[in-house]
Amino acid sequence: MKENEAILQTHMKDFGYGYFEKPEQIIPPIAISFYSFHIMVSFGMWFIALFALVLFFILKRDIKNYPLVLYAALWSIPLGYIAAEAGWIVAEVGRQPWAIQDLMPTHIAATHLGGGNVALSFTLFAILFTVLLIAEIKIMLRQIAKGFEGAH
Ligand code: HEM
């Protein structure tokens, strides 16, 4: 018993590698991770600079009189979403081919559920998030309609 446990302990770190046939199979798609990471971090850096700029214009100037800064802030809204998606790609693609590092490869962890079930849960999520999106846009438009004065 003790012997078996010792064998298990010794080889546990190699457990998941038994599922692969060639060493190349454990290399993640490097270019996708690389570019996604750079997109995410570039936008992250841009946000740090933008927030500092906006803070300066709020505290030291009357930001209402600087449309360029306001437009920069406005047009940066989508960048947050793009950065989040890029970050998610970094995390998901970068960890390939593992679902659990060194233990369970993704192709072993993948569901055996039929396409119908997957389509159903996808549709439900799509509906739910569309409703949330509509609510969010409504809230933002109401807030924008109030303008600067209404915000105080
Ligand atoms: C400022 C520079 C940034 C750095 C250095 C950075 C760093 C990282 C790293 C290292 C990961 C991978 C974590 C892992 O190992 O799984 C990651 C994931 C992620 N990042 Fe960034 N990030 C930055 C900016 C941003 C920004 C601005 C956003 C979104 C507005 C963002 C959203 C995400 C998301 C959603 C993930 C995936 C998390 C997950 O699913 O586990 N990141 N980030």
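Student: What should I know before we start?

Tutor: This is a predicted model, in which local features need pLDDT of at least 70, side-chain atom pairs count only at pLDDT 80 or more, and totals for chains, interfaces and linings use all residues. Residues are numbered from 1 along each chain as its sequence is written, and side-chain values use heavy atoms, with hydrogens and water left out.

Student: What makes Met40 a donor of the iron atom of the ligand?

Tutor: Donors are N, O and S atoms within 2.8 Å of the metal (3.2 Å for Na, K and Ca); water is not among the atoms, so sites may look incomplete. The SD atom of Met40 lies at 2.3 Å from the iron, and Met40 is the only protein donor. Met40 sits in helix H2.

Student: Which helices supply at least two residues each of the shell around the ligand?

Tutor: They are H2 (30-59) and H4 (77-94); helices (H or I, at least four residues) and strands (E, at least two) are DSSP runs, numbered from the N terminus. H4 gives the largest share, six residues.

Student: Why is the pair of Tyr17 and Trp98 called edge-to-face?

Tutor: Rings of Phe, Tyr and Trp (its six-membered ring) pair if their centres lie within 6.5 Å; planes under 30 degrees apart count as stacked, over 60 as edge-to-face and the rest as tilted. Tyr17 and Trp98 have ring centres 4.9 Å apart and planes at 70 degrees, so they are an edge-to-face pair. The two residues are 81 residues apart, with Tyr17 in the loop between H1 (2-11) and H2, and Trp98 in strand S1 (residues 98-100).

Student: How do you know whether Trp98 is buried or exposed?

Tutor: Buried means under 20% relative accessible area, exposed over 50%, partly exposed in between (1.4 Å probe, protein chains only). Trp98 has 4%, so Trp98 is buried.

Student: Why does Met1 count as exposed?

Tutor: Met1 has a relative accessibility of 81%, so Met1 is exposed. Met1 lies in the segment before H1.
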